[in-house]
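Have the sequence and the model open side by side.

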Amino acid sequence: MDKNIDTELHQTLVDYAHDLCQEGALTDAVSLISKLAYLEGRDYIGYLSSIRLEVLLLKIAQKTFPNSNFKKKEKKERKVLHIGTEFYNIGGHTKVVLDWIENDIYSNSEILLTNQQQQVLLPEGIPKHYLKGTSEIDKAVMLRDFLYKNYFDVIVLHQHMEDIVPTLALWDIRKKTGSIVLFYNHANFRFSLGNIIADKRINFNSGDVVISKKYRYPVNDYVLNFVLGEKKYKKPSSEVLIKYRQETGLEESKVIFFAIGSPYKYAPFEEQNFFAEWNQFLSKNHHCTLIVVGSTEDDFRRFCPNLKKVDNLLLKGRVTKPIVYYQISDYIVDTYPLPAGLGTLDGLYYGLPPILSYQENSVLLGKAVNKLYPDTIVNYLSYTNKQEYFEFIEEEIETKAYKKWASPIIEKHIEDKFLLKPWQEQLEKIYAEPCKPIAPFDTTKDILNKSIPSQKWYKFTASPTRSFNLIILAFKHNIPFSFKLLAMYICLIIKNKSLKRAGLRTFVSYLLGRYKRDNVKNG
């Protein structure tokens with residue numbers, strides 16, 4: 001299996017990073033750790049965290065920054081610093097941060113970005129800081145200098161998976177200043193670093209807590225739900241909704257379904273093909289419409305190359321403010337094989353009953369992602385295959401029984417968990433509650449996720465270059481390969497039946513001894 005070579009390469013690369021650190025080659029070790037974390041964050045190989053790399057980074061930070069002069073607290077007001085790697089104009093990552101700042105009304109909040117590459121529109125009135133260094137260690141120096149001049153009661157990490165700057169810079173801040181460091185688990189299905197310096201890890205789903213406790217560096221875990229609104233949604237009048245439907249050309253549609261999510265969440269996997277299946281359903285139910293935000297007709301052609309798209313499947317692409325589609329729809333359809341998460345949850349805020357997937361999602365959490373929704377609704381949607389799924393939908397179109405039954409449950413679910421007041425209560429508890437001691441654990445082993453959802457996720461994220469990228473990284477760092485690993489490399493080339501992108505040129509340079517220690521950082 002490819003996974004065998006991936007895990008073998010992971011261990012080899014981590015071992016070598018450890019050797020570099022032992023030799024005092026800290027810059028080389030930092031470079032290797034960052035590159036490895038980037039590759040594993042992009043292409044899943046079975047690890048969600050590397051306890052060994054986290055511990056190694058902490059040791060590097062201690063050696064690099066043995067002394068500090070952090071600013072101490074002087075004012076009563078609570079100051080919160082949100083540290084990110086890069087923010088974007090579109091997507092949930094940045095929205096989570098900005099919503100937090102907007103609703104954390106008892107704090108003075110600021111933003112610091114370690115590697116902002118593109119122009120991003122952020123609200124006026126929030127102080128913003130950018131690190132401009134050329135290396136991770138340079139940026140860590142800048143971040144520490146910034147904190148020598150500015151005190152924050154709370155530091156929240158929204159970093160990318162491979163960003164090691166916060167770990168290097170903040171390793172001793174809690175001990176020296178009493179500041180609390182929170183790690184926000186944005187990507188519950190991806191490898192990431194940064195957990196080791198956190199006092200508390202923030203998850204948006206109780207299912208994430210289960211996964212994090214099993215496979216990430218041990219930290220105090222908390223759930224902080226999304227804020228969907230200050231107060232419960234007030235539905236527009238029938239007249240206004242009719243007007244909206246007319247403006248969108250959907251006044252003739254009997255039932256409107258709505259789905260929202262990036263194209264990769266619809267990508268066909270095993271027997272599931274969201275677009276093909278809904279296209280077939282809609283071809284037989286002309287009185288129904290499915291609106292999809294986040295995907296285009298190009299995506300449809302890519303996922304369904306031999307199908308003609310029906311007219312009542314509307315692919316809207318990127319939409320900055322999709323509120324009107326939530327308002328005119330009757331149901332929110334969760335994407336599959338990957339769940340939409342916040343996009344579907346937003347549908348509940350607008351009173352839309354969710355149509356959840358008929359199979360365990362291929363994402364790591366499996367059914368645990370459904371913890372976003374009321375258990376009674378998840379249990380009600382008991383279909384287990386495609387036929388039962390669409391039979392349920394057809395029956396619901398005629399009877400509306402599920403919608404009538406689910407409406408009060410959804411309303412209470414939103415009021416209890418996803419409005420401003422309960423969110424603020426959760427947040428204040430997270431800020432105030434003392435950290436609990438962490439039970440002893442083995443710091444010499446990285447924990448491989450061997451669960452069925454993990455294996456599915458490994459298959460779903462399959463990339464022809466996944467293993468070769470790790471191999472090339474090892475070659476460029478002149479890492480000695482065992483006979484076993486070299487044999488796996490040759491078998492992988494044979495299996496792929498192609499020499500393209502197999503790293504052979506790099507392998508030849510490796511054999512010729514062209515990758516010396518002095519050249520590693522330039523490789």
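Two strands count as paired if DSSP finds at least two bridges between them. Strands (E, at least two residues) and helices (H or I, at least four) are DSSP runs, numbered from the N terminus. This is a predicted model: local features need pLDDT of at least 70, side-chain atom pairs count only at pLDDT 80 or more, and totals for chains, interfaces and linings use all residues. Residues are numbered from 1 along each chain as its sequence is written, and side-chain values use heavy atoms, with hydrogens and water left out.

Begin with the open sheet. Its seven strands pair in parallel, in the order β3-β2-β1-β4-β5-β6-β7. At the edges stand β3 (128–130) and β7 (220–223). Each has a single partner strand, so one side of each lacks a neighbour in the sheet. Neighbouring strands are turned by 25° against each other on average, direction ignored. Axes here are lines fitted to C-alpha atoms, for helices over the stretch in contact; angles run from 0 to 180 degrees between N-to-C directions. Helix α8 (residues 206–215) packs on this sheet and touches β6 (200–203) and β7. Contact means heavy atoms within 4.5 Å. The direction of α8 makes about 165° with that of β7.

Now find β5. Strand β5 (residues 180–184) pairs with β4 (residues 154–158) in the parallel sense, over four bridges. V154 stands opposite I180 in β5. V156 has L182 as its bridge partner. On to β6: three bridges join β5 to β6, again in parallel. There, L182 stands opposite K200.

How many residues of β5 are buried? Five of the five are, so β5 is largely enclosed by the rest of the structure. Buried means under 20% relative accessible area, exposed over 50%, and partly exposed in between (1.4 Å probe, protein chains only). In a regular strand, side chains alternate between the two faces of the sheet. From β5, I180, L182 and Y184 point one way, and V181 and F183 the other.

Next, helix α3 (residues 51–64). At 1.5 Å a residue, its 14 residues should span 20 Å, and the end C-alpha atoms are 20 Å apart, which agrees. The expected span is 1.5 Å times one less than the number of residues. Buried residues of α3 include I51, L53, V55 and I60, and also R52 and E54.

Finally, the cysteines. The structure holds zero disulfides (pairs of cysteine sulfur atoms within 2.5 Å). C304 counts as buried, at 4% relative accessibility.
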